[in-house]
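Here is a brisk report on one structure. Please look over the sequence and the model before reading on.

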Amino acid sequence: MAKRVPRGSFPGVHVFPGGKVDFSDGLDEWKDHIDQTSNQKNSFNLNSLEPTDICIKDFKVCAIREMFEETGFLLTSPPFDDHFCNSRNAEFSDLVKSNNLSLLTSRLLYFSRFITPESYPRRWDVQFFMANISESEEDSYLLSQIYPHLNPKNEQCMSPQNDEMEFLDWRTPDKLLDAFCDSSIFIVTPQIYLLSLLKLFNNWKDLQDFAIYKDSVDGVVPLSDYVGLKTPATLICTLPGDHLYSTPLKDDIDINGHGDTDKPLHRVIITNKNGENKSIQLVENVLNIPGIKSPSLSTSYKL
């Protein structure tokens, strides 16, 4: 993750790198510079600038471009020579074409989608993608951008874009949740949900299998959190699939417990009873995670 600068959108908040889809992300010329030419669901032309006319390929080009601009990480094939012309100030498409690179869009798995609730004054429709990087020879160029000592000759290495990011934060999901619980960092509901979900996996291969399943079999369901209860001590956000989604919570089993486990549950519970350390609970029995956990298992996370 990265901590945003104390101004602009989400000031001082820890976020996953990303940004808005640009008109250039949907240009036809990208077909010669990506390793995946087929368009997935919602395959239309971006030229109309209508949200429904953006295909998954456009989002992936955007994700790779924004990741490069904000962190310096370039998810592409290796340059063909040592004279890699690198400039974050250059037009991204020109950078890719001048170095004859290929964007590794096939490595990005469509992982999640969050839509800001209707009650918010500003709204976003955010697509989350995931790429797993292994220690294989095939990924050595990608790894050397993260760990420069693996290839001292590689001039391409990660660093935050100073006008948007203060620093990159390389912590595991559980450590980031720890930091949120002790109030040393601030994250918003989608990130809390995704970190709690990522924490379920003990190794990257299980996470990869789950992401492939979501990307190609189960499909990504848009999520928009609904604040079912908000008090000084407790915040409960319900999500699609919960039997009380979009309904204020009234019963004691929902307010002071995890909810009626005989009914569909999909909610994030944040408690702060002592005014200092918080606890987070992802309570759900609707997610299908093959081979990882039973569908009826709820998960909790406390500092």
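## An enclosed helix

Ten of the ten residues of H5 are buried, so this helix is largely enclosed by the rest of the structure. Buried means under 20% relative accessible area, exposed over 50%, and partly exposed in between, with a 1.4 Å probe and protein chains only. The buried residues of H5 include Thr189, Gln191, Tyr193 and Ser196. Helices (H or I, at least four residues) and strands (E, at least two) are DSSP runs, numbered from the N terminus.

## Basis of the model

This is a predicted model: local features need pLDDT of at least 70, side-chain atom pairs count only at pLDDT 80 or more, and totals for chains, interfaces and linings use all residues. Residues are numbered from 1 along each chain as its sequence is written, and side-chain values use heavy atoms, with hydrogens and water left out.

## H4 against H5

Two packed helices are described by the angle between their axes and the distance between the axes. The axes of H4 (residues 173–181) and H5 (residues 189–198) come within 8 Å and cross at roughly 140°. That makes H4 oblique to H5. Axes are lines fitted to C-alpha atoms, for helices over the stretch in contact, and angles run from 0 to 180 degrees between N-to-C directions. Angles under 35 degrees count as roughly parallel, over 145 as roughly antiparallel, 65 to 115 as roughly perpendicular and the rest as oblique.

From H4, Pro173, Leu176, Leu177 and Phe180 meet Ile192, Leu195, Ser196 and Leu198 of H5. The residues of this contact divide into seven nonpolar, one polar and no charged. Ala, Val, Leu, Ile, Met, Phe, Trp, Tyr, Cys and Pro count as nonpolar, Asp, Glu, Lys and Arg as charged, and the others, Gly among them, as polar. Contact means heavy atoms within 4.5 Å.

## Phe114 in strand S3

Phe114 sits in strand S3 (residues 109–115). Its relative accessibility is 3%, so Phe114 counts as buried. Not counting residues up to four places away in sequence, Phe114 touches residues including Trp124, Val126, Leu223 and Leu239. Among its other partners are Pro190, Tyr193 and Leu194, which are also listed as buried residues of H5. Phe114 and Val126 are twelve residues apart in sequence and 5.3 Å apart in space, C-alpha to C-alpha.

## Thr238 in strand S7

Thr238 belongs to strand S7 (residues 234–238). At 0% relative accessibility, Thr238 counts as buried. Leaving aside neighbours within four places in sequence, Thr238 is in contact with residues including Asp225, Tyr226, His266 and Arg267.
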